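Keep the coordinates open as you read.

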Amino acid sequence: MSTSTEVQQDTRFFGHPRGLANLFGIEMWERFSFYGMLGILALYLYRTAAEGGLGLPQEDALGIVGAYGGLVYLFAVVGAWVADRLLGSERTLFSSAVLIMIGHISLAVLPGLVGVGVGLACVAVGSGGLKANATAIVGTLYAEGDERRDAGFTIFYMGVNLGAFVGPLLTGWAQKDVGFHLGFGLAAIGMALGLVQYTLGRKNLGERAKAVPDPLPASRRLLAAGVALVLVAVVLVLLLTGVVNPGNLADVVVWVVGIISVSYFVIILASRKITGDERSRVFSFIPMWIASAVFFSLYQQQFTVVEVYSDQRLDRNLFGWEMPVAWVNSINPVFIIVFAPLLAALWTKLGERQPSTPMKFVIGTVLMGVAFLLFLPMAGSGENASPLLALIGILFVFTMAELCLSPVGLSLSTKLAPAAFPTQMVALNFLSVSFGTAMSGKLSEYYSVDDEAPYFGTVGGIAVAVGVLLFLGIPFIRKLMKGVH
């Protein structure tokens with residue numbers, strides 16, 4: 001069995017620890033299955049039975065997709081807690097990967113809404129658990145001060161984007177030429193491949209990955225299990241009685257995540273364990289939390305409104321061949337792969353002259369609003385008449401906005417976190433993404449291909465306005481940040 005020291009001195013994977021290859025693989029295949037499934041999910045929900053779909057109202061279908069995405073990020077918080085208190089990151093990741101595979105198999109073989117319910121529940125819980133822990137395990141592969149660490153994370157995130165690029169291409173092809181269930185089946189096969197290679201290399205991850213940082217006392221485990229069972233029972237009752245249904249699922253997730261987020265802020269700010277400066281920094285995080293939620297409310301519409309737009313408004317004819325709708329979801333990962341290193345190099349070169357974190361949030365939020373305003377010139381152009389090149393340009397703006405805001409959000413939450421609440425602040429960052437993603441489903445209920453201009457103008461204009469307000473508040477926010485750049 002490999003010790004932690006042996007793992008950290010390992011150079012068998014292009015100069016990096018061999019375990020990085022296993023984590024690269026599991027993350028690549030998880031993103032392959034996740035984005036591959038998302039690329040065809042909305043279509044499956046709202047297309048008619050004759051087209052192989054379930055025939056749900058379009059607004060319900062898009063609400064489900066947004067709520068599902070919100071739940072993934074909510075369960076990332078739960079997955080982090082399970083790893084910290086019960087199982088450790090490595091065991092949590094492995095269990096999550098198994099659950100993801102079960103979810104995709106359910107979508108592929110179980111009929112109708114039963115398959116959707118079981119499949120999405122399993123994938124949401126599993127993807128949340130994997131998302132929370134894969135990055136943490138990469139960190140355990142390197143000793144403190146190891147100069148390979150940043151390069152290792154770069155390699156790992158290339159796996160993320162490679163999977164996100166290839167997944168929609170294959171599932172989109174399968175859905176178009178054979179049917180939805182083959183598309184979901186390919187997602188299941190991809191996850192199974194990732195799980196096999198990960199299982200074969202688990203020994204390469206060392207003991208640090210298995211450690212439980214803050215074990216829950218044995219006396220409290222029964223209580224935790226009881227609370228979990230009660231929550232599951234309540235959810236099942238609400239679903240089976242129809243209190244929670246496809247029409248209001250996005251609303252429910254938005255409210256739940258909103259209440260949890262407010263509670264987190266209140267608990268931290270009211271704590272006697274934090275100093276005055278730490279409390280000030282937490283207050284400074286609130287406007288940026290709001291900006292992050294607004295950003296993701298628009299950005300995550302790639303899988304709701306942009307998917308419908310690609311299906312019904314986009315000219316996908318390429319020299320007589322019709323491109324699958326899901327292929328549009330592979331455009332953003334290409335831009336990220338190309339431009340993320342360039343933007344990172346730019347920030348490094350600028351050093352202290354680079355924009356402050358609040359200014360990066362401003363740029364990201366405003367650009368995201370501008371991306372939606374760029375749909376306006378094509379409004380009303382007719383069925384499948386919008387040029388593909390124009391949508392590629394809009395998705396380029398999506399990517400630039402993402403690269404300005406998304407990577408710095410997690411970093412900011414760690415910088416502003418009080419010493420007594422480091423994990424809770426990271427959880428708050430995930431919750432802003434969860435809230436925004438659920439809102440992307442709620443907002444998309446108001447979108448109609450027959451009257452697009454009011455939707456794109458309103459949503460885009462609000463995002464720009466939020467960015468401008470944040471810009472005006474930068475001097476006050478930076479004062480609250482107490483020296484954090």
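**Two helix pairs**

Helix 13 (residues 357-373) and helix 14 (residues 388-416) pack with their axes 8 Å apart, at an angle of about 150 degrees. The model is a predicted one. Angles over 145 degrees count as roughly antiparallel. Helix 13 and helix 14 are therefore roughly antiparallel to each other. Their crossing is left-handed.

Now look at the residues in contact. Helix 13 contributes T357, K360, F361, I363, G364, T365, L367, M368, A371 and F372.

Next, move to the pair formed by helix 2 and helix 5. Helix 2 spans residues 19-46, and helix 5 spans residues 112-140. Their axes come within 11 Å and cross at roughly 150 degrees. That angle makes helix 2 roughly antiparallel to helix 5. Helix 2 passes helix 5 in a left-handed crossing.

Which residues of helix 2 and helix 5 make the contact? From helix 2 come L20, L23, I26, E27, E30, R31, F34, M37, L41, Y44 and L45. From helix 5 come G112, V116, L120, V123, S127, L130, K131, A134, I137 and V138. By class, the contact of helix 2 with helix 5 has 15 nonpolar, two polar and four charged residues.

Definitions and conventions:
Residues numbered from 1 in each chain as written. Predicted model: local features only at pLDDT ≥ 70, side-chain atom pairs only at ≥ 80, totals over all residues. Heavy atoms only, no water. Axes fitted to C-alpha atoms, helices over the stretch in contact; angles between N-to-C directions. Helix = DSSP H or I, 4+ residues; strand = E, 2+ residues; numbered from the N terminus. Parallel < 35°, antiparallel > 145°, perpendicular 65-115°, else oblique. Left-handed = near helix turned anticlockwise from the far one by under 90°. Contact = heavy atoms within 4.5 Å. Nonpolar A, V, L, I, M, F, W, Y, C, P; charged D, E, K, R; others polar.
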